[in-house]
Amino acid sequence: MVERNRFGNLVPHLVLWIGIIIVAFPVYLAFVASTYDQATIANGQMPLLPGTHFFENYYRTIFIGTSGTTREPVGQMLFNSAVMALSIALGKIAISIISAYAIVYFRFRFRMAAFWLIFITLMLPVEVRIYPTYKIAADLNLLDTYAGLALPLIASATATLLFRQFFMTVPEELVEASRIDGAGPFRFFQDTLLPLSRTNMAALFVILFIYGWNQYLWPLLITTRDDMQTIVIGIKKMIVTSDAITEWQIVMATAMLAMLPPVAVVVLMQRLFVRGLVETEK
Amino acid sequence: MAGVNFSDVRKVYPGGVEAVKGVTFDVPDGAFCVLVGPSGCGKSTLLRMVAGVETVSAGAIKIGERVVNDIEPADRDIAMVFQNYALYPHMTVYNNMAYGLRNRKVPKPEIDRLVRDAAKILEISDYLDRKPRALSGGQRQRVAMGRAIVRQPKVFLFDEPLSNLDAKLRVSMRVEIKKLQKSFATTSIYVTHDQLEAMTLADMLVVMNAGLVEQIGVPLAVYEKPTTTFVAAFIGAPPMNLLRVQAEELAGIGGLRAVPAEGGIVGIRPEDLDLAPVGSAPEGAVALPLTVEAAERVGPESFVYGTLDRGGTVIVRLPGQAVPSIGEKATAVARHGKLHIFAADGRKRLDS
């Protein structure tokens, strides 16, 4: 036990606060910037206290959009991002828990081959297989669709491996007890394995939701229509480099809005998330 | 109700390891059969084959009149209690017990009645709404028993159910299991490596070693007349003293119709030995001069460990707490008629 005196407590707190300030200050600045009118920021001033245009800016951002650069309001982008992130997270969990179940609990021909194939795909992230993936998506008429946004990102080796590791720690006797209790493979999966995986699924959901939400390259390729843009792409497109003035207050408001859903997911699922990472309920 | 019949049952694991090498015996209806042996002797494998969670490589297992080799565990009408309890961690005690019945489509009121009855018998009625995590080891054990009882199976299977409990709890659960089994009169097969558990629970004791049955019998009969040196050493604590003797010595002991030329092994249980001062052994008795090496006083009795002058060690069990001091010379004298004589390879008993 570390000795507790005032000095001993002070130093860690100081270090923590410095860390917090370093991490949080840019976010705070973005928030401040999103509450002024265009002229203030364009003049090169950067006040440290929030301004008075909060409601006006956010209303415009969500429902109208920037005047020149993107025609779509951010509300639509938020919706697109949410659909994509949710489909990726839920799709990945569903696919990987089923494939892990097959690999761990069933003895079939080429079981190990299947496992290694899944394992090898770990080495091929989206960026590496971007051309063939795009070609397939295009041939299947998936451009500018939600399916096109989510499907190619769903197949997941990481999540399959994670569930596989978890299933291997479930005691063999539980399977045997289930068999004696008259539960077939499906009932065992539904009545025992799924409830036991609850915290793992929650942890994965948080990670995968953020992963999906932050996708940049793939949505950039697969969407061309403005009303299919995700918010991450939207921010990029709002920043003009040529003749017009970037409406920084709108860009910052968009950035703030883009941050909210992942933060909400983390905060709401924090308890389950932490339990899923550290504790196994067996 | 049904007995269990094993005929030439074998288990070969992929890779060629033969865990059970041809086992044949009958467990009569209603009997409490205990399979006992050191770890790796195949007793658990045999039990798991009866349960159906392990396939039978050769031979046949019958429950009642039905060969169950290829029948799913759920359809064998058995219930099993596991060493680590194997309770469903996410279900309440009630649901743990009700799960098997629900899968069998037993009507709801019937399930409720069965679960509550079983809970009452096992005194876990107060915990029905708890999760296994919130229970102590002994309580979990009771829930595992409850899950077996509610099914009212033809055969109970126990796989070392008490080995995760502390010593005190183990004794009281042992008594309780015996009582329950008697009141249900359900055929039971119980696996353990603890010879004390085996002796106290069994109607029928099956001693196994290296995938084979060494001896089958009523516990006390096995204790009194072990047929091999393995059984002699395994049943009883501390174990029986086994001394290798020459043919002439064997002839001197007597009691044998024919003395084998290669000599044999004489077994004497520690409680059948007395310590006498050097040179005071009565005429004609088997006397073993020794040097005391160590003594353990456990209260009601004491164990004296000695090195024999003829080579080898011996354990003597003395009543009370008076023991000779270490390094002292003494003579161990065998009580009359309490010798066990085995063939030199230890595989056969020579006296009757």
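Two strands pair if DSSP finds at least two bridges between them. Helices (H or I, at least four residues) and strands (E, at least two) are DSSP runs, numbered from the N terminus.

This is a predicted model, in which local features need pLDDT of at least 70, side-chain atom pairs count only at pLDDT 80 or more, and totals for chains, interfaces and linings use all residues. Residues are numbered from 1 along each chain as its sequence is written, chains are lettered from A and ligands numbered from 1 in the order in which they are written, and side-chain values use heavy atoms, with hydrogens and water left out.

**Exercise 1. Trace the six-stranded open sheet of chain B and find its edge strands.**

Solution. 
- Step 1: Write down the order. It is β6-β7-β8-β3-β9-β10, with mixed pairing.
- Step 2: Look for strands that pair on one side only. These are β6 (78-81) and β10 (212-217) of chain B.
- Step 3: Neighbouring strands are turned by 20° against each other on average, direction ignored. Axes here are lines fitted to C-alpha atoms, for helices over the stretch in contact, and angles run from 0 to 180 degrees between N-to-C directions.
- Step 4: Zoom in on one pair. Four bridges join β6(B) to β7 (residues 155-159) of chain B in the parallel sense. Within β7(B), L157(B) is the bridge partner of M80(B).

**Exercise 2. Work out the edges and pairings of the five-stranded open sheet of chain B.**

Solution. 
- Step 1: The order is β13-β17-β14-β15-β16, and the pairing is antiparallel.
- Step 2: β13 (273-276) and β16 (313-319) of chain B each have a single partner strand, so one side of each lacks a neighbour in the sheet.
- Step 3: Take β17 (residues 329-334) of chain B. Antiparallel pairing links β17(B) to β13(B) over four bridges, and to β14(B) over five bridges. D274(B) faces V333(B) of β17(B). L288(B) faces A332(B) of β17(B).
- Step 4: Move on to β14 (residues 287-297) and β15 (residues 301-308) of chain B. Seven bridges join these antiparallel strands. A295(B) has V304(B) in β15(B) as its bridge partner.
- Step 5: Judge the burial of β17(B). Buried means under 20% relative accessible area, exposed over 50%, partly exposed in between (1.4 Å probe, protein chains only). Five of the six residues of β17(B) are buried, so the strand is largely enclosed by the rest of the structure.

**Exercise 3. Find what covers helix α2 (residues 93-103) of chain B.**

Solution. 
- Step 1: Count the buried residues. They are nine of 11, so-called mostly covered. Among them are Y94(B), M97(B), Y99(B) and L101(B).
- Step 2: Identify the cover. It includes α10 (185-196) of chain A, together with α3 (108-122) and α4 (137-149) of chain B.
- Step 3: Step past the helix end. Just after α2(B), K105(B) has a positive phi of about 60°.

**Exercise 4. Describe the nonpolar cores.**

Solution. 
- Step 1: Set the rule. A nonpolar core is a set of buried Ala, Val, Leu, Ile, Met, Phe, Trp, Tyr and Cys residues joined through side-chain atoms within 4.5 Å.
- Step 2: The largest core has 82 residues, and F167(A), F6(B), F25(B) and L46(B) have the most contacts inside it. Helix α4 (residues 74-105) of chain A gives the largest share, 11 residues.
- Step 3: Inspect L46(B). Contact means heavy atoms within 4.5 Å. Beyond four places in sequence, the contacts of L46(B) include F6(B), V20(B), F25(B) and M208(B).
- Step 4: A second, separate core has 47 residues, including F32(B), Y127(B), A148(B) and I235(B).

**Exercise 5. Is L49(A) buried or exposed?**

Solution. 
- Step 1: Locate L49(A). The residue is in the loop between α2 (38-42) and α3 (54-64) of chain A.
- Step 2: L49(A) has a relative accessible area of 60% and is exposed.
- Step 3: L49(A) touches Y28(A), V32(A) and Y36(A).
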